[in-house]
Amino acid sequence: MQELVLIALKGSQPAEADGDEVPAELEWQERALCAQTDPEAFFPEKGGSTREAKRVCLSCEVRVQCLDYALENDERFGIWGGLSERERRRVKKHAV
């Protein structure tokens with residue numbers, strides 16, 4: 001899984017505490033609210049609710065960076081930057 005999932009699984013513990021250095025372009029992930037919440041909410045079962053994850057994203061200070069990361073890296077699963085995979089596909093389609 002991607003770095004955001006790993007951060008979410010570690011909770012609020014910074015990556016440096018493990019001896020893993022976070023690349024500068026991914027430092028925003030350390031400030032992501034999803035790192036402090038249940039990662040299952042961001043990767044619901046097919047047909048499951050995304051409401052809880054999107055609510056967290058709405059108040060997250062790194063929402064834009066998260067969405068940019070998902071779009072640039074073609075993330076296919078989960079809620080990133082407050083959008084589902086389907087919503088991100090629409091954004092990419094309209095951007096072309």
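Residues are numbered from 1 along each chain as its sequence is written, and side-chain values use heavy atoms, with hydrogens and water left out. In this predicted model, local features need pLDDT of at least 70 and side-chain atom pairs count only at pLDDT 80 or more, while totals for chains, interfaces and linings use all residues.

**View 1. A patch of negative charge on the surface.** The patch gathers Glu-21, Glu-25, Glu-27 and Glu-30. Glu-27 sits in the loop between helix H1 (3-10) and helix H2 (51-58); helices are DSSP runs (H or I) of at least four residues, numbered from the N terminus. Glu-27 has a relative accessible area of 41% and is partly exposed. Buried means under 20%, exposed over 50%, and partly exposed in between (1.4 Å probe, protein chains only).

**View 2. Cysteines without a disulfide.** The whole structure holds zero disulfides (pairs of cysteine sulfur atoms within 2.5 Å). For Cys-57, the nearest cysteine sulfur is that of Cys-66, 6.1 Å away. Cys-57 is buried, at 8% relative accessibility. For Cys-60, the nearest cysteine sulfur belongs to Cys-34 and is 6.4 Å away. Cys-60 is also buried, at 15% relative accessibility.

**View 3. Tyr-69 in helix H3.** Helix H3 spans residues 63-72 and includes Tyr-69. Tyr-69 has a relative accessible area of 10% and is buried. Between the C-alpha atoms of Tyr-69 and Trp-80 the separation is 8.3 Å, and these residues are 11 apart along the chain.

Note on methods. Patch = residues over 30% accessible without salt bridge, like charges linked within 9 Å, V, L, I, M, F, W, Y side chains within 5 Å. Areas by Shrake-Rupley, 256 points an atom, 1.4 Å probe, with all protein chains shown as cover. Salt bridge = Lys/Arg side-chain N within 4 Å of Asp/Glu carboxyl O. Lys, Arg positive; Asp, Glu negative; His and termini not counted. Charge placed at Lys NZ, Arg CZ, Asp CG, Glu CD. Helix = DSSP H or I, 4+ residues; strand = E, 2+ residues; numbered from the N terminus.
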